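Dear colleague,

I am handing over the structure we spoke about, and below it you will find notes on what was found. Please read them with the structure open beside you.

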Amino acid sequence: MKNLSSLDRVIHEPARLTLVALLSSVKSADFLFLLKESELTKGNLSVHLTRLEEAGYVEAEKTFRGKIPHTEYRLTPKGKSAFEQYRKSLGSIFNK
Amino acid sequence: MNLQIDTTIKRTRAYWFVDGFTEMATGGFFILLAGILLLRWNTSLTSSPSRFLSIAGEISIAKFFGFLIIVLVLWWLKDRFTYPRTGFVRGNRITTAQILILIRNIVLFLLLPILGLLALSLMIASAGSVLSSMPVWFPIGVALIWAVLCIWAGNWMGLRRFQIIGALFLLAGIKVGIWQYVMGLPASPENMQAGILQLATVDILYRSLTSLGLLVLIAGVILILSGFVTFLRYRKENPTPYSEDV
């Protein structure tokens, strides 16, 4: 039970877990990529990304590609470490 | 749950290959190299050692410029076709430590076993017979290396088609090797001396290069077909660029 309660609740939510997992193996990805891969609605995706930003796990960088505004998201070192910790915790729960 | 996370991570890793452009470009590059290997040998009129040097030089130039052109063309295509449809991803920079681990693994698990097999065959058979059978084992060895790399990459990215491509490469290598064997092995060079290139050795090198050229050609065709099928599927799933209004 102690192990279960130690799980990071920000990451534990399935949609946010998918987003963090998607960002974990790349340097950064844009909104469209996350939208397509997570299969969330635009509104939902925005909410979850904001939640991850507030937790300091994800940072957004707004740039322009030509004249079109472009937002890229990346995992912060804190987010990477939290994700690794989450996977370890998850592994230890199932191994016991 | 961890399995699902792994699948998601692998899907992101495979994103570079989602549209089939990379395979088609690499396949085209392979066919160019095969063209140099197979055609230039027959059209060149200079003496044999010069021919080898000339072909080696052309291959180096083709590799350098081919790689450069492939990268530029891929960026251009992805920027106009893939990124507007399914989004942009900036890959992780590969660290020196990762490159060293990769090189270590290739040497330990691929090159050393192959060299070991070669050394073992030299202990069993004479150097001349090992050399004369080079047109048979050389394409099989090269295909084996490609197959292992493709299957490993397919596993790393969760791409089944890469594992199939790896298996097809190996089959192609074996097929070319068998074909060379059926044609009859070239004569074994006698009393080999350092610095002296015998006619028999030149024949062996020619046959080996032909084998390699055929293997590269088949591999190129396999890659282009695989890339084209992937491209068609991608285009069917994503017919138009993503629009904010949708």
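Strand β1(A) pairs with strand β1 (residues 89-91) of chain B in the antiparallel sense over three bridges, where strands (E, at least two residues) and helices (H or I, at least four) are DSSP runs numbered from the N terminus, and two strands pair if DSSP finds at least two bridges between them. Within this pairing, the bridge partner of A:Ala29 is B:Val89.

This is a predicted model, in which local features need pLDDT of at least 70 and side-chain atom pairs count only at pLDDT 80 or more, while totals for chains, interfaces and linings use all residues. Residues are numbered from 1 along each chain as its sequence is written, with chains lettered from A and ligands numbered from 1 in the order in which they are written.

Looking at the chains together, 18 residues of chain A are in contact with 17 residues of chain B (C-beta atoms, placed from the backbone, within 7 Å). On the side of chain A that touches chain B, the largest share, five residues, comes from β1(A).

In chain B, helix α6 (residues 134-157) has 24 residues and reaches 34 Å from its first C-alpha to its last, close to the 34 Å expected (1.5 Å times one less than its number of residues). Just after α6(B), B:Gly158 takes a positive phi of about 70°.

The axes of α6(B) and α7(B) come within 7 Å and cross at roughly 175° (lines fitted to C-alpha atoms, for helices over the stretch in contact, with angles from 0 to 180 degrees between N-to-C directions). The two helices, α6(B) and α7(B), are therefore roughly antiparallel to each other (angles over 145 degrees).

Best wishes

Methods: Angles under 35 degrees count as roughly parallel, over 145 as roughly antiparallel, 65 to 115 as roughly perpendicular and the rest as oblique. Two residues are in contact if their C-beta atoms, placed from the backbone, lie within 7 Å.
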